[in-house]
Amino acid sequence: MGNAQSVNVKVGIVDDKAINIKLLQDMLGRLFPQLEIVGTAASVKTGLQLIRDKKPDLVFLDIDMGDGYGFDIVQRSEYKGFQVIFVTAFPSYALSAWNYRALHYLVKPVAEEDLIEAVQRYLTRVNGEGSDKQFFNMPSSGKSSSKRICLPDQERLLFVEVQDIIYCEVSGSYTVFRMPNQNKHVVSKPLNTYEKLLEEDGFFRIHDKYLVNLAHIAAYIRGRGGEVVLNTGEQLPVSVRKRDAFLKRMQNL
């Protein structure tokens with residue numbers, strides 16, 4: 001049904017549910033056999049690896065995943081030469097998807113006619129623009145080198161600068177993000193989700209309860225585990241089992 005003409009399109013699929021990946025693979029294989037699916041991934045972390053290693057032209061990207069959000073992949077990917085079709089079970093995310101200037105937005109379960117429209121929109125754009133692939137960026141804060149992370153609450157999706165996060169704290173099955181000026185955001189995902197997502201951005205899990213941005217640490221108070229003093233004046237405990245790794249990490253900054 002689809003026609004990729006002479007365009008060689010490399011496709012990636014990122015979704016935290018294997019069944020969703022399989023369904024989309026099957027539909028694309030049947031409708032657009034000329035497209036090359038170069039890889040799939042089931043998390044933000046592996047999605048970033050897929051894009052870095054395979055450099056796809058087009059990515060079908062789930063929004064709500066176990067270790068973060070598809071928006072995080074868009075923001076954090078160093079490779080910028082791809083376009084995205086968001087695929088999600090939550091129509092409420094549509095506005096945020098368009099704010100990223102997404103090529104298209106598909107709601108699960110994906111209808112065949114909607115998938116055809118989305119892919120043909122991409123092919124039309126590529127055929128019209130040749131090799132000039134325009135990556136869509138999220139709304140900018142004016143800090144070109146900064147990274148953002150998506151923090152959803154019940155009413156909205158917040159995009160905050162990673163460098164502004166002071167620390168994250170466990171609150172039951174939720175995570176509390178402590179921000180400047182005593183602001184905080186509560187997110188309904190566990191802390192280990194964000195530990196994995198932020199570990200390469202200067203964050204360290206100093207305690208079962210706390211994930212800290214090392215850039216906001218002003219001092220360390222010696223003790224059995226010890227405590228860190230943040231530049232806000234707050235003091236947080238360091239667990240005994242985390243102390244040595246934490247001090248080594250600080251020495252390597």
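Start at the loop between β11 (174-178) and β12 (184-187), where Gln 182 is found. Helices here are DSSP runs of H or I, at least four residues, and strands are runs of E, at least two, numbered from the N terminus. Gln 182 is not a glycine, yet its phi is positive, about 65°. At 79% relative accessibility, Gln 182 counts as exposed. The terms: buried is under 20% relative accessible area, exposed is over 50%, and partly exposed is in between, with a 1.4 Å probe and protein chains only.

Ground rules next. This is a predicted model, so local features need pLDDT of at least 70, side-chain atom pairs count only at pLDDT 80 or more, and totals for chains, interfaces and linings use all residues. Residues are numbered from 1 along each chain as its sequence is written, and side-chain values use heavy atoms, with hydrogens and water left out.

Lys 55 sits in the loop between α2 (44-54) and β3 (58-62). Its relative accessibility is 40%, so Lys 55 counts as partly exposed.

On to a peptide bond. Lys 108 to Pro 109 is cis, with omega near -10°. Pro 109 lies in the loop between β7 (104-107) and α5 (112-129). For context, most residues other than glycine have a negative phi, and most peptide bonds are trans.

Helix α1 next. It covers residues 18-31, 14 residues in total. The expected span is 1.5 Å times one less than the number of residues. For α1 that gives 20 Å, and the end C-alpha atoms are 20 Å apart, which agrees.

Which residues of α1 are buried? Ile 21, Leu 24, Met 27, Leu 28 and Leu 31. Seen down the axis, the buried residues fall within an arc of 135°, so they line one face of α1. That arc is taken over directions from the helix axis to the C-beta atoms. On the other side of α1, Ala 18, Ile 19 and Arg 30 are exposed.

Last, confidence. pLDDT is the predictor's confidence in each residue, from 0 to 100. The protein chain averages 85, and 85% of the residues score at least 70. Strand β14 (residues 210-213) is highest, at 98, and helix α4 (residues 94-99) is lowest, at a mean of 56. Residues 2-6 have pLDDT below 50, with 10 contacts beyond near neighbours in sequence. A contact means heavy atoms within 4.5 Å. Residues 130-145 are also below 50, with 31 such contacts. Where pLDDT is low, the predicted coordinates should not be read in detail.
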